[in-house]
Amino acid sequence: MSYFILLSTRIALIGISGAGKSTIGNTLLGRKKFETSPAAESVTLKCDTAEAVLESGRKIKVADTPGVYDTENVHMVDEVIKFLEFLSPGPHAFLIVLTPNRISKRDVNILDEVQTLFRDDPLFFRFAILVFVRKSDIIGDYGCSEDIHEYIKDHTNRDILNLYEKCGERAIAVENRQPWEGRNVEAIEIMKEIDKLDGVYFHELFDRAIQNEELRSKVTYLKKKSETKNMCLIS
């Protein structure tokens with residue numbers, strides 16, 4: 001029996017709506033399970049989850065959360081709980097999905113909101129990987145394709161460079177606009193990067209995910225705290 005049949009690899013997709021999270025999720029699952037849209041707005045206002053057993057026998061679980069962090073969702077608390085329950089006892093990786101040439105301050109703010117949820121736990125970045133979609137758009141100074149690490153160092157802003165360093169300089173570029181054959185190859189490459197992390201992100205929120213009432217109160221408090229912080233920054 002395959003070792004992977006016994007365990008599931010749990011993956012959280014993080015990023016602004018329209019960044020390509022759903023497409024990355026489908027690539028990892030090897031089939032279309034998430035609805036996708038090129039528009040920079042949520043396809044759904046809920047935490048989308050899906051799982052699959054790959055040809056290797058490996059089981060993976062993927063949570064795509066467009067409505068949890070970057071939309072005005074009145075059911076946000078319920079969706080965060082769903083996210084935590086699905087990935088309990090904790091994800092093996094947080095994939096931070098970015099689109100080259102479309103990176104904004106909002107991409108960084110999303111990470112601040114997620115960190116607020118986990119109380120700014122420094123271990124969060126120990127399990128984070130930057131995933132740049134639209135690999136063909138990653139062009140260097142002379143019009144040629146460029147290594148993702150060189151691209152980050154030479155052509156991104158200070159916020160993204162700092163994020164890259166916090167993630168231990170873990171980054172991968174994939175082309176999400178190609179036939180399934182090519183996407184399957186890139187799924188393997190992403191999984192290799194996840195396996196290098198060699199661990200699971202454990203946090204008390206995952207442990208207490210089944211205690212919905214207590215967790216609901218905690219998430220509501222953290223949400224209000226984040227909103228107060230954002231209002232102070234605006235003023």
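Rings of Phe, Tyr and Trp count as a pair if their centres lie within 6.5 Å. By that rule the structure, which is a predicted model, holds 11 aromatic pairs. The count of salt bridges comes to 4.

**Aromatic pairs**

- A pair of aromatic rings is described by the distance of the centres and the angle of the planes.
- One of the 11 pairs joins Phe-94 and Phe-124, with ring centres 4.5 Å apart and planes at 40 degrees, so this pair is tilted.
- Phe-94 belongs to strand S4 (residues 93–98), while Phe-124 is in the loop between helix H5 (105–117) and S5; the pair links distant parts of the chain, 30 residues apart.
- Phe-94 and Phe-124 are both buried.
- Phe-118 pairs with Tyr-201 in an edge-to-face arrangement, at 5.4 Å centre to centre and with 85 degrees between the planes.
- Because Phe-118 is in the loop between H5 and S5 and Tyr-201 in the loop between H8 and H9, this pair ties together parts that are 83 residues apart in sequence.
- Phe-118 and Tyr-201 are both buried.
- One aromatic cluster is formed by Phe-94, Phe-118, Phe-124, Phe-125, Phe-127, Tyr-201 and Phe-206.

**Charges over rings**

- Phe-127, one of the members of that cluster, has the charged end of Arg-126 sitting over its ring, 4.5 Å from the centre.
- Over the ring of Trp-180 sits the charged end of Arg-183, 4.0 Å from the ring centre.

- Asp-195 and Arg-58 form a salt bridge in which the closest N and O atoms are 2.4 Å apart.
- Asp-195 has a relative accessible area of 38% and is partly exposed.
- Arg-58 counts as buried, at 8% relative accessibility.

- Glu-189 and Lys-192 meet through their side chains in a salt bridge, at 3.5 Å from N to O.
- Glu-189 and Lys-192 are separated by about one helical turn because they are 3 residues apart in helix H8.
- Both ends count as partly exposed: Glu-189 has 35% relative accessibility, and Lys-192 has 45%.
- Glu-193 forms a salt bridge with Lys-196, and the closest N and O atoms are 3.1 Å apart.
- Lys-196 and Glu-193 both lie in helix H8, 3 residues apart, which is about one turn of the helix.
- Lys-196 is exposed, with a relative accessible area of 62%, whereas Glu-193 counts as buried at 19% relative accessibility.

- His-203 is in the loop between H8 and helix H9 (204–207).
- At 9% relative accessibility, His-203 counts as buried.
- The side chain of His-203 reaches the backbone oxygen of Phe-118 at a distance of 3.3 Å.
- His-203 is in contact with Phe-118 and Asp-121, leaving aside its neighbours within four places in sequence.
- Phe-118 is also the residue that forms an aromatic pair with Tyr-201.

**Val-131 in strand S5**

- Val-131 is part of strand S5 (residues 128–132).
- Val-131 counts as buried, with 0% relative accessibility.
- Not counting residues up to four places away in sequence, Val-131 touches Ile-24, Leu-95, Ile-96, Val-97, Leu-98, Ile-172 and Val-174.
- Val-131 and Gly-20 are 111 residues apart along the chain, and their C-alpha atoms are separated by 9.8 Å.

**Ser-8 in strand S1**

- Ser-8 lies in strand S1 (residues 8–14).
- Ser-8 has a relative accessible area of 16% and is buried.
- Ser-8 touches Lys-59, Lys-61 and His-92, not counting residues up to four places away in sequence.

Key: Residues are numbered from 1 along each chain as its sequence is written. This is a predicted model: local features need pLDDT of at least 70, side-chain atom pairs count only at pLDDT 80 or more; totals for chains, interfaces and linings use all residues. Side-chain values use heavy atoms; hydrogens and water are left out. Buried means under 20% relative accessible area, exposed over 50%, partly exposed in between (1.4 Å probe, protein chains only). Helices (H or I, at least four residues) and strands (E, at least two) are DSSP runs, numbered from the N terminus. Contact means heavy atoms within 4.5 Å. A polar contact is a pair of N or O atoms within 3.5 Å; within protein, one must be able to donate a hydrogen and the other to accept it, and residues adjacent in sequence count only if both atoms are side-chain atoms. Rings of Phe, Tyr and Trp (its six-membered ring) pair if their centres lie within 6.5 Å; planes under 30 degrees apart count as stacked, over 60 as edge-to-face and the rest as tilted. A charge sits over a ring if NZ of Lys or CZ of Arg is within 6 Å of the ring centre and within 35 degrees of the ring normal.
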